[in-house]
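Visitor: I would like to learn how to read a few features of a protein model. Please start with cavities.

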Amino acid sequence: MCTVQAIFNLYVSKLGHFKWFCLVQDNTYVNVPMLVHTLRRYNYHESWYLGRRPVYSLQPMRSDYNKDNITFQYATENSGICISKALVKEMIAFWDKKGYLKRGRETNISGDITIGYVINYLLKVPVTNIPEFHSNLEPMWEIDQRDIPKQVTISWGELPIARHFITPNTILLSRKTLQYPKTVDPSRVYTLHCYLFPNSEGCDRIKAKLGPPSAVIAKSAVPVRLV
């Protein structure tokens, strides 16, 4: 929560220089050209709350005013959140002066849920669901490899698939795709970046560190572990 507040305050301090405020978790890869392409479809002078709602996106919360339970929608930080400059200006009046950040910390509510409370419940701005935003709450291996270049964010982590089973949640590439072994690239982010941008400076740095990727005979099945 404190991290979200610090990032938000930094953006507000430079509000005149940027059109959008975007927030993602550190286990999320951002395809920057596709992010820019997506943001250009929306007018930053209008109130836009872009992201991906989780499966259970109606968040229960107790209201300060009538003490009743309320519900609202929010976009998950795991997949990424982008808020237009116009909407940020509306948020400022609620964000700190009325103590919602402090309340979020006290009730152990995450930053993305607090953002949803301010934007969706207080300001009545809906979440605009962007299908190309992805979080580790959904199976990454279901993204077709041919569609990966079109995605804006791709996450990784672990995903429960049954009561006692957890599987690594990463993208699944064909055996012919040049990639790094999972021993050095468990998140697949190095492989993903060099797959999308093989001639980029970032990929060159990865190659300098790990060497060139190679064709790996990978199992097609998704590994599962018992918990």
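Guide: On a 1 Å grid over the protein atoms alone, a cavity is a set of points where a 1.4 Å probe fits but cannot get out. Grid points are joined across faces, edges and corners, and the volume is the space filled by probe spheres set on the points. This is a predicted model, where local features need pLDDT of at least 70, side-chain atom pairs count only at pLDDT 80 or more, and totals for chains, interfaces and linings use all residues. Residues are numbered from 1 along each chain as its sequence is written, and side-chain values use heavy atoms, with hydrogens and water left out.

Visitor: What volume does the largest cavity have?

Guide: About 40 Å³. The structure holds one cavity of 30 Å³ or more.

Visitor: Which residues line the largest cavity?

Guide: Lining residues have an atom within 4 Å of a point. Among them are Y29, W156, T170 and R188. Two elements, β8 (153–155) and α6 (189–196), each give two or more residues to this lining. Helices (H or I, at least four residues) and strands (E, at least two) are DSSP runs, numbered from the N terminus.

Visitor: What is the strand order in the open sheet?

Guide: Strands of a sheet pair through backbone hydrogen bonds, either parallel or antiparallel. Two strands count as paired if DSSP finds at least two bridges between them. Here the order of the four strands is β1-β6-β3-β7, with mixed pairing. β1 (20–23) and β7 (128–129) are at the edges with a single partner strand each, so one side of each has no neighbour in the sheet. Four bridges join β1 to β6 (residues 81–84) in the antiparallel sense, and L23 has I81 as its bridge partner in β6.

Visitor: How many disulfides are found in the whole structure?

Guide: A disulfide is a pair of cysteine sulfur atoms within 2.5 Å. The search finds two. One of the disulfides joins C22 to C82, with S to S at 2.1 Å. C22 lies in β1 and C82 in β6, so this pair ties together parts 60 residues apart in sequence.

Conventions:
1 Å grid on protein atoms, 1.4 Å probe; cavity = no way out; pocket = protein on both sides within 12 Å on 5 of 7 lines; lining within 4 Å.
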